[in-house]
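I opened my notebook and went through this one piece by piece. Here is what I looked up, in the order I looked.

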Amino acid sequence: MSTAKILWVDDEIESLQSQKLFLENKGYEVQTLTNGYDAIEYVKDNLIDVVLLDETMPGITGLETLARIKELNSSIPVVMITKNETENVMDDAIGSQITDYLIKPVNPNQVLLSLKKIIDNKRLVAEKTTTAYQQQFRNLFMALNSNPDYNEWMEIYKKLVYWELEMEKSDSPEMIEILASQKEEANAEFFKFVSKNYTKWVNPKSDESPIMSHNLFQFKVFPHVEKGTSTFFILIDNLRFDQWKAIQPMFAENFRILEEETFYSLLPTATQYCRNAIFAGMLPVDIEKNFPVQWKNDDEDGGKNLFEEDFFKAQLKRLKRDDIKYSYTKVVNHHDGQQLVNNIHNLLNNDLNIIVYNFVDMLSHARTEMEVLKELASDEVSYRSITRSWFEHSPLNQALKKIADKNIKLVLATDHGSVRVKTPYKVIGDKQTTTNLRYKHGRNLNYEPKDVLAFRDPKEAGLPVPNVNSSFIFAKEDGFLCYPNNYNHYVNYYRNTFQHGGVSMEEMIIPLVKMVSK
């Protein structure tokens, strides 16, 4: 670590020589000056980590010096040293952005402590994060290897996300790398786990299955809906758990978070399957059977998510909840968003308000199409940052703020997540094969069995059978499925983009959050 440079400005600096020596013995480089004018000149030409500044000096006062230093470099931390405890002097100093202040006579340890706090704070946070993760690493490793069930998998994924967010404070590339490889290992195990258990989960006779897209409303939303209190069910599409954590603080400003759970998305982790399943309260195979006109398979023309509200009405009827007074609002562009802001108060008369908000999905799809977005969201950290920035300025945030003081409940969920893809897998298919990168279905698919989870009979996975002999395949971990023609072009074009449809913790283990107004 390089030596921190301190500038100490005091007209009685001679009497502080022992203090200067003390700091130099602690490894700091200390430059001393006796007046504000020299200090301002010195800051112009030199890099300084912290300025220790006496408040009462002849010529130009400490406060005036402070103001001039901040004009030159607003980010330099300044510690004001004063004999004067009078309130207005301190108010002036604090108003002018001092980082800390000390009252004379100062003792060496006080100064040292202040410097440590300022200079080492970032480093200490980073070191503490790294040490704590090193201790947790073993526990996570053991959890992965102890044959976890679907509840334990949700906990493992939440812990990995927690450490991923903590590591943003760390500047240790080695630890960040170790965490990334631990996450890769977890996804490899998760793929095996899902491959072994998925058909059991979607089998209606099984009592050993997690809450999934198709029974989310029945078990997690309807029990909270009551007459007299408006419940808002907000579905932000394609929102991963770490992206929820990125926008959580903004929700917490206005709402009390009661419960932060996760649930499992159906396969394929793609909007038309998961979201229709959420609103229909059925597996895709049953939606197709009950709504042959509205259901569209991947290879058919027409919008795949145009009938969510019809499906939802039918679910209300089936579960004998059609006394619920509800509204359904879908926001797919900025104009819709503004209408939501203007109309939100009118929704308070309903028992249940469904708001489907399309943004994150656009972001992940646009990201592959636009070079600008590739620059902006090249990894997980920047992907979260864009999500945070979007939500902060979004009509959705404005609308929720408008009703935060009303007696309401919020349930926030999503349809599926996404994963950053890195490993290409070759797949050969006929003309009818679908174009998705994380899953495919078609009649004559050729693939490497170890690269995918395959269902020769889609019904086993609760999926419709688009054509005779159709099978479905799902990419594992960070894989993406490419055709051999023009292979290298597509591999380079899509590598490192966020995709969904396959089997990974990021796509399948997704947020479900309950909140109430404060």
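**Helix against helix**

I began with helix 6 (residues 150–167) and helix 9 (residues 241–254), which pack at about 55° with axes 10 Å apart. Axes here are lines fitted to C-alpha atoms, for helices over the stretch in contact, and angles run from 0 to 180 degrees between N-to-C directions. That angle makes helix 6 oblique to helix 9 (under 35 degrees is roughly parallel, over 145 roughly antiparallel, 65 to 115 roughly perpendicular, and the rest oblique). Helices (H or I, at least four residues) and strands (E, at least two) are DSSP runs, numbered from the N terminus.

I noted that helix 6 passes helix 9 in a right-handed crossing (right-handed if the near helix is turned clockwise from the far one by less than a right angle, left-handed if anticlockwise). On the helix 6 side I found Y157, K158, V161 and L165 in the contact, and on the helix 9 side F241, D242 and K245; contact means heavy atoms within 4.5 Å. By class, I have 4 nonpolar, no polar and 3 charged residues for helix 6 with helix 9 (Ala, Val, Leu, Ile, Met, Phe, Trp, Tyr, Cys and Pro are nonpolar, Asp, Glu, Lys and Arg charged, and the others, Gly among them, polar).

A note on the source: this is a predicted model, where local features need pLDDT of at least 70 and side-chain atom pairs count only at pLDDT 80 or more, while totals for chains, interfaces and linings use all residues. Residues are numbered from 1 along each chain as its sequence is written, and side-chain values use heavy atoms, with hydrogens and water left out.

Next I took helix 1 (residues 17–25) and helix 5 (residues 108–144), whose axes come within 10 Å and cross at roughly 45°. Helix 1 is therefore oblique to helix 5. Their crossing is right-handed. Q19, F22 and L23 of helix 1 touch P108, N109, V111, L112 and L115 of helix 5. I sorted the residues where helix 1 meets helix 5 into 6 nonpolar, 2 polar and no charged.

**Aromatic rings**

How many aromatic pairs does a search of the whole structure find? I got 37 (rings of Phe, Tyr and Trp, its six-membered ring, pair if their centres lie within 6.5 Å; planes under 30 degrees apart are stacked, over 60 edge-to-face, and the rest tilted). F279 and F312 form an edge-to-face pair, 6.2 Å centre to centre with 90° between the planes. F279 sits in helix 10 (residues 271–280) and F312 in helix 12 (residues 308–318), 33 residues apart.

I checked burial too: F279 is buried at 0% relative accessibility, and F312 is buried with a relative accessible area of 0% (buried is under 20%, exposed over 50%, partly exposed in between, with a 1.4 Å probe and protein chains only). F279 also forms an edge-to-face pair with Y328, 5.8 Å centre to centre and 80° between the planes. Y328 is in strand 8 (residues 326–331), so this pair ties helix 10 to a part 49 residues apart in sequence. Y328 is buried, as is F279.

I found a cis peptide bond from K104 to P105, with omega near -10°. P105 is in the loop between strand 5 (100–103) and helix 5. The bond from L267 to P268 is cis, with omega near -10°, and P268 is in the loop between strand 7 (255–264) and helix 10.

Phi of N147 is near 55°, a positive value in a residue other than glycine. N147 lies in the loop between helix 5 and helix 6, and at 62% relative accessibility N147 counts as exposed.
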